[in-house]
Amino acid sequence: MTNKIKTRIKIQVLTLLSLMFSASPAFSIEISKHISTIIDPVPIKRIEPKYPIDAARDGKSGWAKLSFVINEEGRVKDVVINEVVGHRGFGKAAKKALRKWQYSPAMEDGKPIQQCVNTMQMSFQISRGGVSKKFRAEYGEALAAIDDKNYDLLKKKLEEMSKYAHGMSDEINHYHTLSAHYAEHIKNESLELYHLNRISLLDGSADSKRKLSILNKRFYLSVNLNKFQEAFKIYDQLQKLDAAKPHMAAYNKMIEEVDAFISSENNIIIPADIEDKDFWFYSLVRNEFSLVDINGSLNKLDVRCANKRHVYTVEENNTWSIPKSWKNCSVLIYGDDNTRFKLVEHPLKS
């Protein structure tokens with residue numbers, strides 16, 4: 001986003017941070033006119049994932065987030081693991097279970113169609129939480145470091161506590177909360193959002209004020225990092241949160257700024273890093289994009305839209321134009337570990 005927009009957003013956030021503001025129902029990134037009526041797929045057969053034996057033995061909890069395609073027969077295809085928290089086995093167990101699910105297929109004007117943009121988070125909860133004595137002691141030392149503003153010590157303690165990122169659910173949440181605090185201190189917004197996104201708000205342990213505080217920060221960071229689809233999804237969660245209702249006007253202003261920026265003549269530039277994962281995932285807000293400044297090797301681009309899917313090879317500075325009728329598109333970009341590049345979304349064409 002432009003510096004002017006970022007400055008306005010930051011001023012709004014700082015002014016209302018203590019109120020933990022919220023957002024507006026009035027936004028639209030849909031540019032195309034209505035061309036058909038689509039009924040979303042509905043699950044009719046669910047299979048629960050098997051808890052990995054070693055994760056259960058060690059009392060580990062967490063979740064796995066998956067993307068998948070539902071074909072015209074309602075079968076689940078092309079499942080990919082977007083993210084795993086708690087134990088690496090959760091991803092494999094969730095993927096195996098999801099492949100056995102059955103849906104009533106999506107329908108367009110009375111005919112079954114494939115639905116290519118689907119995401120799901122499967123939770124693995126062996127108990128209601130709690131923390132070990134060892135964790136409690138290390139957590140107390142980390143909090144003391146924050147109170148003393150000793151961030152060098154906090155960094156050291158977080159390195160020692162990284163093992164808890166794969167522990168019990170409460171330990172995972174506390175660890176990522178501390179890590180997000182440290183990332184905020186060193187002004188690394190991407191790292192801060194990474195840790196905030198790994199704090200579970202689904203287990204019932206978070207009260208409404210804490211949920212609002214975390215969602216508020218996620219929303220602000222998503223906007224500031226140009227992750228607009230993520231910001232819109234967070235807004236949907238805020239809309240359902242009673243504690244957010246008194247503060248909708250502030251979010252409304254920010255959403256208006258985002259909509260204006262999406263419709264502007266400015267490029268949307270997203271830095272990307274595959275790191276040690278299989279792919280990099282991003283939800284588009286425009287229908288034309290390029291991959292530039294590739295440092296490493298990219299080998300496949302998987303474009304998944306509401307009812308279309310195409311796979312391409314990748315060349316430096318290639319530009320892809322997606323038909324306007326292909327709604328809600330996401331991209332999965334595959335390549336070698338630690339390959340860095342930029343995705344550039346070009347201005348919308350009339």
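**Bonds and bridges**

Modeller: The link of cysteine 305 and cysteine 329 is right-handed, with 110 degrees about the S-S bond. This is a predicted model: local features need pLDDT of at least 70, side-chain atom pairs count only at pLDDT 80 or more, and totals for chains, interfaces and linings use all residues. Residues are numbered from 1 along each chain as its sequence is written, and side-chain values use heavy atoms, leaving out hydrogens and water.

Colleague: Why is the link of cysteine 305 to cysteine 329 called a disulfide?

Modeller: A disulfide is a pair of cysteine sulfur atoms within 2.5 Å. Here S to S is 2.0 Å, so the pair qualifies.

Colleague: What makes cysteine 116 too far for a bond?

Modeller: Its closest cysteine sulfur, in cysteine 305, is 7.7 Å away.

Colleague: How do you know whether cysteine 305 is buried or exposed?

Modeller: Buried means under 20% relative accessible area, exposed over 50%, partly exposed in between (1.4 Å probe, protein chains only). Cysteine 305 has 0%, so it is buried. Cysteine 329, at 7%, is buried too.

Colleague: Why do aspartate 302 and arginine 309 count as a salt bridge?

Modeller: A salt bridge is a side-chain nitrogen of Lys or Arg within 4 Å of a carboxyl oxygen of Asp or Glu. Their closest N and O atoms are 2.9 Å apart, so the pair passes. Aspartate 302 is buried at 1%, whereas arginine 309 is partly exposed at 27%. Salt bridges with shared partners join Asp78, Asp302, Arg304 and Arg309 into one network.

Colleague: How many salt bridges does the structure hold?

Modeller: It holds 13.
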